[in-house]
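I opened this model to look up its strands, one of its helices and a few backbone angles. My entries follow in the order in which I went through them.

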Amino acid sequence: MDYESKGRRFESSRERITSPDPLDEQFMQHALKLAREAATLGEVPVGAVAVKDGVVVGTGMNRREIDNDPFSHAELVAMRRAAETLGAWRLIGVTVYVTLEPCAMCAGAMVQGRVSRLVFGASDPKAGAVGSLYDLARDARHNHRVEVTSGVLGDECSAVLKGFFKALRAKKSETTE
């Protein structure tokens, strides 16, 4: 497995929280549960939950290693399941909760899929495309923009990722000794 694990990654974005919904923490806890499950499978621990009208319509966790699929990011899995559940590719009225700031691919998919709102926990200064490196979700040049709330349970989301990579580095150093 080739996981990048050096440098400033998975930072809490608590300082960037904008108008959280009272249910945000509840759904983020669900996403964290999925992230922890992904970690037990050897995947980078990212979990996502798609919600419409207070009801979960799709869930996902990273599955890139399991599926040998570069598109098996937690957000894309949750959005695909939401589209199947709703019978529509336009995810209007859907909020996606994800433990890590989406990458460019996932942020672009949210714009293309017309996701109404994104809530994420930890920011990703090396690959985040919703405020860290780029802001694809709110770019005025797109025909659709996604409302974003960041930093929900950010410290906890960050800790799960950091713990995973710490354990991975320790395991790697044991095998090279």
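Before looking at strand partners I noted the rule that two strands pair if DSSP finds at least two bridges between them. Helices (H or I, at least four residues) and strands (E, at least two) are DSSP runs, numbered from the N terminus.

I also noted that this is a predicted model, in which local features need pLDDT of at least 70 and side-chain atom pairs count only at pLDDT 80 or more, while totals for chains, interfaces and linings use all residues. Residues are numbered from 1 along each chain as its sequence is written, and side-chain values use heavy atoms, with hydrogens and water left out.

Entry 1, strand β5. I looked up the partners of β5 and found that strand β4 (residues 94-100) is joined to β5 by five bridges, the two running parallel. In this pairing L100 stands opposite A122 in β5. I then followed the chain from β4 through helix α4 (residues 104-112) to β5, a β-α-β crossover that is right-handed; the term means that, with the strands pointing away from the viewer, the path from the first strand over the helix to the second runs clockwise. Strand β6 (residues 147-150) also pairs with β5, in the parallel sense and over four bridges, and here L118 is opposite V148 in β6.

For accessibility I used the cut-offs of under 20% relative accessible area for buried and over 50% for exposed, with partly exposed in between (1.4 Å probe, protein chains only). Seven of the seven residues of β5 (residues 117-123) are buried, so the strand is largely enclosed by the rest of the structure.

The 17 residues of α1 (residues 24-40) should span 24 Å at 1.5 Å a residue, and the end C-alpha atoms are 25 Å apart, which agrees; the expected span is 1.5 Å times one less than the number of residues. I listed the buried residues of α1 as D24, F27, M28, A31, L32, L34, A35 and A38. Seen down the axis of α1, these buried residues fall within an arc of 165°, so they line one face of the helix, the arc being that of the directions from the helix axis to the C-beta atoms. On the other side of α1, K33 and T40 are exposed.

Most residues other than glycine have a negative phi. D53, in the loop between β2 (47-52) and β3 (55-61), has a positive phi near 55°, and D53 is exposed at a relative accessible area of 70%. N68, in the loop between α2 (64-67) and α3 (74-86), has a positive phi near 50° and is exposed at 67% relative accessibility.
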